[in-house]
Structures are given as structure tokens and as C-alpha cells.
Amino acid sequence: MRILIAHEAPAGGGGVESYLAAIMPALRARGHQVAFFCADARSGQGPTRLDAGSDVFSGGDAGLAAALERVAHWSPDVCFSHNMGPLEADEGLIAIAPVVKMMHGYFGTCISGLKSHAFPAVRPCAREFGPACLGLYFPRRCGQLRPLLMVEQFGWARRQRRLFDRYAHVIVASRHMATEYARHGVPVERLATVPLFATVDRAADARPLPAVPTVLFLGRMTNLKGGDVLIEAMARACRRSGVPMRLELAGSGPAEASWRALAADPALTVTFHGWVTGDERVHRLRSASVLAVPSLWPEPFGLVGLEAGAHGVPAVAFDVGGISEWLREGVNGRLVREVGSPVALADALTELLGSPEQMARLEQGALRVASELSLEAHMESLDTVLRRAAAPMRTVA
């Protein structure tokens with residue numbers, strides 16, 4: 001097949017760019033011709049992640065209309081679209097070929113895309129997107145306190161939702177997200193759940209375990225990520241167990257200052273590492289006893305936990321969003337049902353870190369689950385969806 005990959009920009013350090021960098025060569029290895037379309041020419045920090053063999057059509061070169069005209073001349077069998085701020089790009093692609101849309105977030109189902117309330121406390125939102133959301137946006141702190149931005153985001157989300165009927169298929173990474181998009185009008189026969197993947201570290205069995213039990217947080221430091229709850233839980237765990245434990249936080253963000261203040265608790269040994277990438281990121285993962293994912297918002301998937309599992313590191317997380325797609329209670333970690341409770345999180349961490357036998361079993365389970373959710377398994381499911389979407393077009397031709 002001739003497959004066009006579509007995304008906002010050709011480069012950047014985000015998770016979508018990393019995903020595309022992995023699947024594009026995998027699609028070629030399956031015998032497909034692959035080209036890339038970007039709505040503009042923005043680039044993030046770091047090198048372009050596309051391989052040099054790609055045909056690239058950029059709206060930033062000669063304008064969106066000209067780029068779409070070049071795409072039409074290339075004549076794709078199917079378009080595989082990802083994050084796309086300018087929705088006229090998706091609308092233009094739909095006029096050329098069947099479009100399979102992968103929803104990496106709550107696009108078209110929430111004004112802010114966060115699918116959570118911040119007041120009186122951070123909690124997932126179960127409301128269906130619609131005009132009533134405008135009345136709750138400020139009282140429940142659903143996003144930034146900027147009226148014009150709220151109106152703009154509402155209009156964009158409504159326009160995105162209207163496209164649901166025009167996509168050949170919608171792909172999501174978790175059953176949670178499939179439920180979300182089904183109740184927002186995507187027919188189940190055009191909705192596919194294709195879990196994300198991680199590359200297993202074959203040397204993970206031989207990783208040296210830390211002498212001091214170490215809990216790692218890895219991600220953006222915002223209130224939605226629950227770092228404050230984790231810090232309180234760790235303080236409780238340290239006081240209760242009487243055993244030295246270490247908490248390491250890698251990342252940065254607007255909540256960092258308040259988290260540092262909480263971490264001054266004398267019961268804690270805490271290190272802030274800032275953003276870590278590449279070899280340092282791998283080192284932090286391999287040096288941890290357990291990964292904590294204390295997210296309070298409904299993570300669409302929570303790939304960081306699967307990434308940790310690929311290094312033999314089990315996880316402890318609140319049961320929100322798509323976390324349970326990869327975190328299986330008692331298999332590769334602990335799933336805490338009482339979302340937002342530092343007491344429940346402390347209980348899970350204390351029990352786990354205090355049991356070498358349980359840790360050893362969960363480490364093997366982490367590797368096993370990561371092996372199951374592999375790139376190969378992802379590509380098999382993805383290939384099936386793309387072929388199904390392209391089939392009507394090829395039949396007519």
C-alpha cells in the first residue's frame with residue numbers, strides 16, 4: 001500500500017514523534033510505500049526524526065493547498081493522521097483518500113483536552129463534551145482561566161468531533177479511550193484499540209538492584225501528574241516502615257517548586273534530576289526499584305509505565321484512564337483503586353518494597369507484559385486497520 005503519515009510538524013521531542021519514528025520504518029519493512037505530510041514546517045528541539053527516504057509534503061513550504069495537491073498527485077491508498085491542530089489539513093486529506101485517525105489524547109471530547117477537573121481537587125471528568133461544558137469550565141477549573149481561549153478551544157473541539165463521522169477508522173491505545181470515543185459517536189465497527197509498545201531490554205534480568213529501595217517518578221511536573229500525592233505517600237511509607245527509602249523525580253514543570261517544598265520533609269530522601277533523555281533516562285529506570293505513576297487525570301495510556309517494564313521495573317499507579325491496559329494488578333505492579341489517596345498509595349509502596357519475593361515476581365511480570373505489548377504486535381494490528389480502511393478505495397480503483 002501507499003501510506004501517507006500525517007502530523008502537525010516534521011520534528012520534535014514528543015511522544016507522537018517518537019511513535020512515528022518507530023512505525024515508519026516498520027511499515028516499510030512490511031513492504032509499504034510511506035510518505036509524510038506535515039501541516040507546517042515547525043521543528044522541535046533536536047533533529048528531524050523522519051528517515052531520509054521519505055517523500056515529504058509540507059504545508060510550510062508553499063502553503064497547505066499546494067501541499068495537499070502534491071499529496072493527491074502521490075495518490076495514497078490510505079492516510080494515517082495524528083495530532084493535527086489545523087483541522088483543514090485532515091479535511092483536505094479526507095477528500096483525497098480514506099483517513100485513519102489515531103487519537104493520542106481527548107481531541108474532540110473535551111474543551112481543554114485534559115478531561116479532568118482541577119477544583120476542588122484534581123479528578124477525572126466523565127461528562128460528554130457539549131455546550132454545557134462551557135458553564136463548568138471556570139467553576140471546575142477545566143483549563144486556563146482565559147475566556148477567549150476557552151471559546152477558541154470549544155470551537156476547535158466541536159469541529160474535531162464533526163470529523164468523527166468522516167474518518168474511515170479511529171485508533172486509540174486503550175479500552176478506556178475506546179469507550180470515550182464510542183460514547184462521543186464513533187461507531188464501534190470503525191473504532192480500533194491498538195495498545196502502544198515498548199522495546200524490551202534483553203539485559204534487564206541482570207540489572208543491579210539498588211541497595212536502598214528507590215521509587216522513581218518520570219514525567220512532566222504538573223498537578224495532574226500527582227507528584228504532591230506521591231511525596232506525601234512516600235513520607236508516610238518511610239515513617240511507617242522505618243526502612244530507608246529514596247524518591248527520585250525526573251522532569252520539570254510548573255508544579256516543581258511546590259513539590260520541592262513538600263520534599264523538604266525530614267522523613268524523606270529526595271533527589272530532583274530535571275529532564276532526562278537518552279542514556280540517562282535508561283540509567284534512571286534501571287536504577288529504580290519501582291516506577292510510580294500517581295497521575296490524577298485519566299492518562300490515555302501511560303506509556304512511561306510500559307517503558308519501565310521493558311527494563312524489568314514494576315509500577316505502582318492509580319487506576320485512572322488507560323493505565324490498566326498495561327498495568328495488571330499482581331502481575332507487573334500494583335494498581336491503586338483509591339485514586340488520589342496518599343494513604344492507599346503509601347500502603348501499596350510499603351507492601352511492595354518490603355517484600356523481595358513479590359518484587360522479584362513483579363520484575364519478571366514487567367518484562368513479560370512489555371514483551372507482549374511489542375512493536376511487532378502493534379504493527380500487526382495497525383496493518384490490519386490500515387488495509388481495511390484502504391480496501392474500498394482499492395476495490396473501486
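Contact, in these notes, means heavy atoms within 4.5 Å.

**Ground rules.** I'm working with a predicted model, where local features need pLDDT of at least 70 and side-chain atom pairs count only at pLDDT 80 or more, while totals for chains, interfaces and linings use all residues. Residues are numbered from 1 along each chain as its sequence is written, and side-chain values use heavy atoms, with hydrogens and water left out.

**Ser174.** I looked up Ser174 and found it in the loop between β8 (169–172) and α7 (175–182). Helices (H or I, at least four residues) and strands (E, at least two) are DSSP runs, numbered from the N terminus. Leaving out residues up to four places away in sequence, Ser174 touches Thr193, Pro300, Phe301, Gly322 and Glu325. Is Ser174 buried or exposed? Buried, because its relative accessible area is 0%; the cut-offs are under 20% for buried, over 50% for exposed and partly exposed in between, with a 1.4 Å probe and protein chains only. I also noted that its side chain reaches the backbone oxygen of Pro300 at 2.7 Å. From C-alpha to C-alpha, Ser174 and Ser324 are 8.6 Å apart in space, yet 150 residues apart in sequence.

**Ser355.** Next I checked Ser355, in the loop between α12 (342–353) and α13. Ser355 counts as buried because its relative accessibility is 17%. A polar atom of its side chain lies 3.1 Å from the backbone nitrogen of Gln358.

Then I went to the second largest pocket, with a volume of about 150 Å³. A pocket is found on a 1 Å grid over the protein atoms alone, as an open set of points where a 1.4 Å probe fits, with protein on both sides within 12 Å along at least five of seven lines; lining residues have an atom within 4 Å of a point. The volume is the space filled by probe spheres set on the points. Which helix gives the most to the lining? I found α13 (residues 356–372), with four residues. Among the lining residues are Leu209, Ser289, Met359 and Glu363.

**Helix α4.** I moved on to α4 (residues 87–94), which is mostly covered, with six of its eight residues buried. Those are Leu87, Ala89, Asp90, Gly92, Leu93 and Ile94. They pack against several elements, including β1 (2–7), β2 (33–38) and α6 (147–162).

**The whole protein.** Last, I zoomed out and counted 14 helices and 15 strands. Buried residues make up 53% of the 397 residues. Of the contacts with a separation of 6 or more, 69% are between residues 24 or more positions apart. The C-alpha atoms fill a box of roughly 70 × 50 × 35 Å along the principal axes.

Notes: Polar contact = N/O pair within 3.5 Å; in protein donor to acceptor, adjacent residues only side chain to side chain.
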